[in-house]
Amino acid sequence: MTAERLLLGPPDDPRWARPALGLVLVLAAFLNTWSLSINQWANTYYSAAVLGMTQSWRAFFFGALDAGSFITVDKPPLALWIQALSARAFGFNTWSLLLPQALAGVLTVWIVHHVVRRDFGHLAAAVAAFALALTPIAVVLARHNNPDALLAFLLAVALWAASNAIRSGRLLPLLCGAVAVGLAFNTKMLQAFFVLPMIAVVYLLAAPPRWPRKLLNLGVAAVVLGVVSLSWLTIVDLTPASSRPYVGGSTDNTVRDLLLGYNGLGRVGGQARIMSPGMTGGGGGLRGLGAMPGGVRVFGGGMDDSSWTRLFSGEVAPQIGWLYPLALFGAVAVVVHLWRRPRRDAGRAEFLLWAGTLAVTAAVFTFAAGIWHPYYTVVLAAPLAVVVGMGVASMVRLAKGTEWWGLLLPAAIAVTGFWAGHLLGGSPDFVPWLAPTIVVVTTLAATAMAVPLLLPRIRRRRHHRLIVAAALAGLVATLAGPTAYALTPLSTPVAATFPAAGPGGSSRGGPGGAPMRMPSRAGSPNHQAPPGFAGQLAQPEPRGGPGRDEQVSDRLIRYLTEHHQDETWLVGVVGSMVAAPIILDTGQPVMAIGGYNGNDPTPTVDQLEQHIRAGELRYVWTSGSSGVQSMGGQVDTKVVDESMAWVAGHCHLVAPEEYGGDADTTTHLYDCRNPT
């Protein structure tokens, strides 16, 4: 292959096609990795778990929060496994944590380009790839350690494999798609299954084999899907509880309960959660909404305004929805363009697969009554970009005809421009000149296209260059809004718990996001910090607790590390979001009593006493209660409250002046070495 063919692609391709693909991949890589270190630990809940996974293979397999393997995070561990393997290979640092998600984002862009190009051409593929690369929430999650970027990538792989199976009728691609969905399940559970309805429907309608063979193939794929999806769950639930960590987020210490409740049907049908005062949530689900007096019961959590307008709201649309009008007009154009194609036409099947998945996922997100957050929409980004690319190519083809359908493209550009102006109007101080510029450019471009398109075809040919130039200018203008938002994470740290792009979408601190450092005092004979962990940015301010008046000061950390001997855990604290910063700050395991929000029923008094008398835990830092009120019997915090009461009654209170504490606060440090 000559250098020219390598750069420009096959002879039949347009000379600009291969350079355009290279450009969009470079753009995606730039947006996903530039100044990545400003996000530091991103979500400390997951970062602390990854650190523990680098120190203990047991913690690695179960997805425990700390190397002592007391409790797991509230998600399956696949995304954390990848991050932990990266950290083991390259040292525990920001780049090793976040680079896997950045690569997943770039690969998703390539998949979108590939699947669109096959039936709709290079123009459609380029438009779709740029649309995805510049989607704000896709850029944000590619720079974050939440599992959603990996989820979006695996679902794109699943749809790509299903498309290959539909084209060929072969079983192997269908099984590859089942494996991808199963891996996605082990990333974020039931959200992975949103792609299954359209895969099954389109395969039955458009795949070449006869119906009995198609049903058999789907049955075999379902078996593979079940095996891959339930493998980790089954192993964990069959492991005796005494030989593994408690399953965080569950009520009965099983992954099955996590699947059917917090990470499963409860997300769609609604669930009541109890939050500790002041908690700001994280770990993929809202369990608190800021400082509040006492425990507050939250139905659903996050955005509980399930309605037709959820995906069009000012909080959601700027993250994912800049090209909604272009996608809608484009979908109409694809239907018109492919209307007379045979049922098994590959292009028609490709469109139904991706557009149907977009519709199903959007419908679930729209009416989900459970815990839901705007950044979940990253899984809409690839299907939306595919529909946009297919739609633009179809509108261009229709514009070459003589029917009124040719006006779809200028109409789509104009409406998308006004929609962008509306979204930018929600933040008038953010690049204030951009909204009017987009509206003016798209309006002028649409007019410059529409007037010649109304002329007879013979006269229209004289204005061909004008139409092309106007269409190109209009499409570029429609991408200006999402580009502006997508650039914000490159200069400002992304919010740790609820990542978002644009003004107000970033945060430098707060629970789950405060910059951490590795003090020189860290390390012990049993738990050494991995290579690359030291040298992070310093943060002199005390790290916030889960609310109440709790503050983990540097002096308290110094006291704990200086008095730590061979205990498994440096200290026990209520809540994972109190434990995680200490784990990252010291490199030591910390027992997160009560799990993420302090309301998981672990440890019992007997379990806690057993850990203490076995010499595995010496210090407990607590306010004497989980801080979570059981309202209406929705969540029983009796277990944690009883354990904290036992600590207060049997352990020795450490004088506040010894660790720099305030005698007037409600927080206390207890020494349980010789409990009474």
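The model is predicted, so local features need pLDDT of at least 70 and side-chain atom pairs count only at pLDDT 80 or more, while totals for chains, interfaces and linings use all residues. Residues are numbered from 1 along each chain as its sequence is written, and side-chain values use heavy atoms, with hydrogens and water left out.

The protein has 27 helices and nine strands; these elements are DSSP runs numbered from the N terminus, with helices being H or I of at least four residues and strands E of at least two. Of the 676 residues, 59% count as buried, where buried means under 20% relative accessible area, exposed means over 50%, and partly exposed lies in between (1.4 Å probe, protein chains only). Contact is defined as heavy atoms within 4.5 Å. Among contacts with a separation of 6 or more, 72% are accounted for by residues 24 or more positions apart.

Two packed helices are described by the angle between their axes and the distance between the axes. For helix α2 (residues 17–33) and helix α6 (residues 94–133), the axes come within 8 Å and cross at roughly 155°. Axes here are lines fitted to C-alpha atoms, for helices over the stretch in contact, and angles run from 0 to 180 degrees between N-to-C directions. The two helices α2 and α6 are therefore roughly antiparallel to each other (angles under 35 degrees count as roughly parallel, over 145 as roughly antiparallel, 65 to 115 as roughly perpendicular and the rest as oblique).

By class, the contact of α2 with α6 has 19 nonpolar, five polar and no charged residues; Ala, Val, Leu, Ile, Met, Phe, Trp, Tyr, Cys and Pro count as nonpolar, Asp, Glu, Lys and Arg as charged, and the others, Gly among them, as polar. Within α2, Ala28 counts as buried at 2% relative accessibility. Leaving aside residues up to four places away in sequence, Ala28 touches Val106, Val109 and Ala133. The C-alpha atoms of Ala28 and Ala129 are separated by 9.1 Å, with the two residues 101 apart along the chain.

Strands of a sheet pair through backbone hydrogen bonds, either parallel or antiparallel. In the model, five strands form an open sheet with mixed pairing, in the order β6-β5-β7-β9-β8; two strands pair if DSSP finds at least two bridges between them. Strands β6 (591–593) and β8 (652–653) stand at the edges, each with a single partner strand, so one side of each is left without a neighbour in the sheet. Helix α24 (residues 576–586) packs on the sheet and touches β5, β6 and β7, its direction making about 140° with that of β5. Helix α26 (residues 638–650) lies across β5, β6, β7, β8 and β9 and runs at about 115° to β7.

Strand β5 (residues 572–574) is joined to β7 by two bridges, and the two run parallel. Val573 stands opposite Trp621 in β7, and Gly572 has Val620 as its bridge partner. Four bridges join β7 to strand β9 (residues 668–671) in an antiparallel arrangement, with Thr622 partnered by His668 and Tyr619 by Asp671. Strands β8 and β9 also pair in the antiparallel sense, over two bridges, and Leu653 stands opposite Tyr670 in β9.

In a regular strand the side chains alternate between the two faces of the sheet. Both faces of β7 (residues 619–622) are covered, with Tyr619 and Trp621 on one side and Val620 and Thr622 on the other, all of them buried.
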